[in-house]
Protein chains: 2
Amino acid sequence: MQPLQFPPRLLMGPGPINCYPSVLQAMSTQLVGQYDPTMTGYMNEVMALYRQVFNTQNEQTFLIDGTSRAGIEASLVSVLEPGDKVLVPIFGRFGHLLTEIAERADAEVHTIEVPWGEVFDPQQIEEAIKRVQPKVLAIVQGDTSTTMLQPLNDIGGICRAHDVLLYTDATASIGGNPFDMDAWQIDAVSVGLQKCLGGPSGSAPVSYNDRFVAAVRKRHHVEAGIRDAHHTESMGSRIRSNYFDLGMIMDYWGEERLNHHTEAATMLFGSRQCAVELLREGQDAVIARHQLAGNAMLQGIQAMGLQPYGDLSNKMSNVVGVHIPDNVDGEKVRHDMLNIFNIEIGTSFGPLKGKVWRIGTMGYNARQDAVLHTLQSLETVLRGQGFALPNGEGVDTALAVYSSAKDSAAQKASL
Amino acid sequence: MQPLQFPPRLLMGPGPINCYPSVLQAMSTQLVGQYDPTMTGYMNEVMALYRQVFNTQNEQTFLIDGTSRAGIEASLVSVLEPGDKVLVPIFGRFGHLLTEIAERADAEVHTIEVPWGEVFDPQQIEEAIKRVQPKVLAIVQGDTSTTMLQPLNDIGGICRAHDVLLYTDATASIGGNPFDMDAWQIDAVSVGLQKCLGGPSGSAPVSYNDRFVAAVRKRHHVEAGIRDAHHTESMGSRIRSNYFDLGMIMDYWGEERLNHHTEAATMLFGSRQCAVELLREGQDAVIARHQLAGNAMLQGIQAMGLQPYGDLSNKMSNVVGVHIPDNVDGEKVRHDMLNIFNIEIGTSFGPLKGKVWRIGTMGYNARQDAVLHTLQSLETVLRGQGFALPNGEGVDTALAVYSSAKDSAAQKASL
């Protein structure tokens with residue numbers, strides 16, 4: 001029963017990644033009561049902070065107490081009644097996850113797919129919408145399984161034109177890539193902290209606009225144990241989950257403060273600090289930092305003679321897939337990276353399992369030193385396995401990417 | 001965007017309460033990857049620690065990533081298929097919660113009730129089991145809404161005799177009252193950290209025995225995105241929640257380590273430290289400390305001329321209900337306790353709302369100084385409202401309870 005002892009890992013996989021130190025510090029804060037005015041004050045502040053993170057005016061912006069898939073399930077199970085049609089464009093593992101969650105809600109699930117490593121054209125999605133006429137379109141923005149980023153800016157307008165609700169899971173992309181909820185006309189979003197936001201898994205920020213809330217509120221319900229005379233018992237088909245009943249969770253976060261769960265205060269403190277880190281540095285600056293780190297990593301990888309995976313014009317800034325070269329034992333490389341250099345890089349799922357590593361540059365770790373250490377160590381490990389590669393090309397190329405960014409920033413400043 | 005700033009509250013309500021300092025410290029630990037051997041090592045250690053907390057040999061002992069009601073919902077939704085019969089004996093708010101969660105799973109829910117402030121005789125439960133013949137009996141051990149502790153030691157045998165699965169929610173009672181899972185033949189349990197375990201809300205330790213696991217495993221399913229050739233697609237009626245699919249969660253915590261969610265590492269670190277605190281001090285010692293603090297609080301309250309609520313012979317050790325005296329503004333008392341003395345005491349739900357305060361002595365706060373400050377402050381606040389009460393009787397009585405406990409411990413030690 002010793003205190004926790006971990007090696008000082010540098011987490012350069014597809015997430016979770018190392019937390020910002022300030023986030024860790026926030027999570028050692030002593031509690032107050034759940035209805036303490038200082039606590040509800042911070043709940044309101046968290047709502048305001050995540051409105052900024054999502055670039056939305058949505059009143060209903062709050063946290064689901066669970067990992068990022070808790071946010072997905074709360075969104076889908078609260079809006080989808082049994083038999084409702086939902087369309088899921090799948091371009092990786094997390095599309096399958098949306099499908100499976102919707103199926104379990106007994107929705108009528110329709111899917112379209114592109115091969116892993118690609119994304120959808122808006123026309124493909126619009127055609128499917130016309131054919132299926134779904135109540136909801138559910139799509140991920142960034143699918144870490146393939147590193148792909150689905151452009152969403154045109155999808156919201158298409159959905160609005162066909163009276164479809166648009167839900168997106170932006171867990172893998174938020175913070176490292178643009179996300180403009182209101183401008184893009186996205187009705188519902190859920191995310192997690194463990195990627196570019198630089199926090200631990202376990203809290204799922206969400207936001208819902210009035211169209212989405214109206215669909216959920218049709219199924220309003222107040223729990224028996226706390227129902228007062230002025231509450232109506234129930235209306236609409238009851239949401240199948242108590243824990244994920246967004247109507248009840250909104251009543252808890254809202255002015256009535258109707259008891260539902262006991263807010264996971266420590267995770268709220270962490271979530272708050274993730275938003276503070278993002279907004280203090282500035283969203284554009286953080287996105288640029290991710291683009292720079294991702295670009296340095298990508299070019300370094302290519303300079304080493306390794307092949308990146310997938311359609312690079314639609315890659316998330318914060319993660320790159322790397323084809324494991326022939327005659328290289330991919331798992332032994334990961335093992336050596338971890339055990340010799342304390343650096344974690346990722347494996348893959350499904351069709352890419354054993355074929356592709358995934359290397360992330362996210363949140364706190366979207367840093368020059370993290371990129372350079374990773375490239376150097378990968379070179380050393382690959383050399384140890386007899387893989388021929390040019391000496392120092394990876395790290396030098398990444399250094400050059402950083403230098404040239406510095407130069408062009410200096411140039412811009414001097415103009 | 002300042003760092004979090006809270007007043008130093010002493011949380012003497014029905015939970016959440018102040019965390020053990022070591023728990024807060026554990027939650028500022030930097031992360032490692034979710035499949036890092038040091039992480040999976042701690043996951044295994046957490047399973048072993050909570051086996052001790054629950055007094056069980058159950059292999060399937062782990063955490064659900066969510067608040068305590070996430071543990072309830074995972075347990076019920078994974079075992080109850082639509083149409084399955086479940087019997088819920090209700091003796092407070094959380095009985096209603098079990099009912100509502102089971103109803104949403106489309107189980108056929110049967111309830112029996114006793115008035116708030118009382119508990120069930122085993123015969124009442126056995127008679128209902130004979131009549132209903134349920135698949136599952138779901139009952140809370142301690143219902144904070146009423147402060148009552150349902151004796152469970154005879155219920156397991158009754159359930160076994162009638163081939164019924166016994167699930168219990170022990171969130172409010174665990175750590176402060178005995179809980180002997182295997183000896184009492186309890187098939188499934190879920191708890192939270194935010195009461196006597198001295199942690200924050202947001203992680204739900206659970207344990208399931210082989211009988212319960214067999215019922216869940218009938219509904220085995222592997223997610224599409226990660227399914228390999230050696231996985232069968234599905235069998236039995238699919239569990240209606242992905243997030244709460246215990247089969248999948250067991251596959252994640254088990255040797256196969258099949259990806260489900262990304263473990264909420266910070267909450268796991270906190271959960272681990274809660275168990276370490278309990279086991280290092282010793283379960284019997286911690287229970288005795290709660291009994292002593294609860295007894296000192298109860299006797300102090302009575303000495304002040306206040307009336308405790310409910311059947312005192314079946315009260316949890318760690319919380320007492322107190323009738324709000326006539327002509328006293330209960331909410332103003334709570335307000336003054338909080339704002340003048342930084343001490344939180346609880347209000348009540350449902351039929352007790354506005355009629356009863358709830359005062360807890362839990363976890364880190366099951367301490368002499370916490371009890372004494374609370375009694376003194378309550379006296380001062382009540383005096384300020386013109387409530388006549390004997391000077392210093394509450395605190396002196398509590399001091400005497402502690403002295404006499406010290407004397408009898410010394411006497412025991414000298415024998």
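In which handedness of crossing does H3(B) pass H4(B)? Keep that question in mind for the first view; the model shown in these figures is a predicted one.

**Figure 1. Helices H3 and H4 of chain B cross at roughly 45 degrees.** Let's start with a pair of helices. Helix H3 of chain B covers residues 68-79 and helix H4 of chain B covers residues 93-104, and their axes come within 10 Å. As for the opening question, H3(B) passes H4(B) in a right-handed crossing. To find the contact, look on the H3(B) side for Arg69(B), Ile72(B), Glu73(B) and Leu76(B); they meet Arg93(B), Leu97(B), Leu98(B), Ile101(B) and Ala102(B) in H4(B). Sorted by class, this contact holds six nonpolar and three charged residues, with no polar ones.

**Figure 2. Helices H3 and H4 of chain A cross at roughly 45 degrees.** Now turn to chain A. Here helix H3 (residues 68-79) and helix H4 (residues 93-104) have axes that come within 10 Å. That crossing makes H3(A) oblique to H4(A), and H3(A) passes H4(A) in a right-handed crossing. From H3(A), the residues Arg69(A), Ile72(A), Glu73(A) and Leu76(A) meet Arg93(A), Leu97(A), Leu98(A) and Ile101(A) in H4(A). How many nonpolar, polar and charged residues does the contact of H3(A) with H4(A) have? There are five nonpolar, no polar and three charged residues.

**Figure 3. Seven strands form an open sheet in chain A.** Which strands stand at the edges? They are strand E2 (60-64) and strand E4 (108-113) of chain A; each has a single partner strand, so one side of each is left without a neighbour in the sheet. On average, neighbouring strands of this sheet are turned by 20 degrees against each other, direction ignored.

**Figure 4. E2 and E10 of chain A pair in the antiparallel sense.** Five bridges link E2(A) with strand E10 of chain A, which covers residues 204-208. One pair to look for is Gln60(A) with its bridge partner in E10(A), Tyr208(A). Helix H5 (residues 122-132) of chain A touches strand E3 (85-90), E4 and strand E5 (136-140) of chain A, and its direction makes about 155 degrees with that of E3(A). Helix H8 (residues 246-253) of chain A touches E2 and E10 of chain A, and its direction makes about 105 degrees with that of E2(A).

**Figure 5. Seven strands form an open sheet in chain B.** In chain B you can follow the strand order E2-E10-E9-E8-E5-E3-E4, again with mixed pairing. Strand E2 (60-64) and strand E4 (108-113) of chain B are the edge strands, each pairing on one side only. Strand E3 (residues 85-90) of chain B runs parallel to E4(B), and six bridges join the two. Among these strands' residues, Lys85(B) has Glu108(B) as its bridge partner in E4(B).

**Figure 6. An annotated domain covers residues 38-202 of chain A.** The unreviewed UniProt entry annotates these residues as "domain: Aminotransferase class V". Over residues 38-202 of chain A, the chain is 36% helix and 21% strand. The end C-alpha atoms of residues 38-202 are 22 Å apart.

How values were computed. Residues are numbered from 1 along each chain as its sequence is written. Chains are lettered from A and ligands numbered from 1 in the order in which they are written. This is a predicted model: local features need pLDDT of at least 70, side-chain atom pairs count only at pLDDT 80 or more; totals for chains, interfaces and linings use all residues. Side-chain values use heavy atoms; hydrogens and water are left out. Axes are lines fitted to C-alpha atoms, for helices over the stretch in contact, and angles run from 0 to 180 degrees between N-to-C directions. Helices (H or I, at least four residues) and strands (E, at least two) are DSSP runs, numbered from the N terminus. A crossing is left-handed if the near helix is turned anticlockwise from the far one by less than a right angle, and right-handed if clockwise. Contact means heavy atoms within 4.5 Å. Ala, Val, Leu, Ile, Met, Phe, Trp, Tyr, Cys and Pro count as nonpolar, Asp, Glu, Lys and Arg as charged, and the others, Gly among them, as polar. Two strands pair if DSSP finds at least two bridges between them. UniProt positions are given in the numbering used here, feature names are shortened, and annotations may be inferred rather than shown by experiment. Angles under 35 degrees count as roughly parallel, over 145 as roughly antiparallel, 65 to 115 as roughly perpendicular and the rest as oblique.
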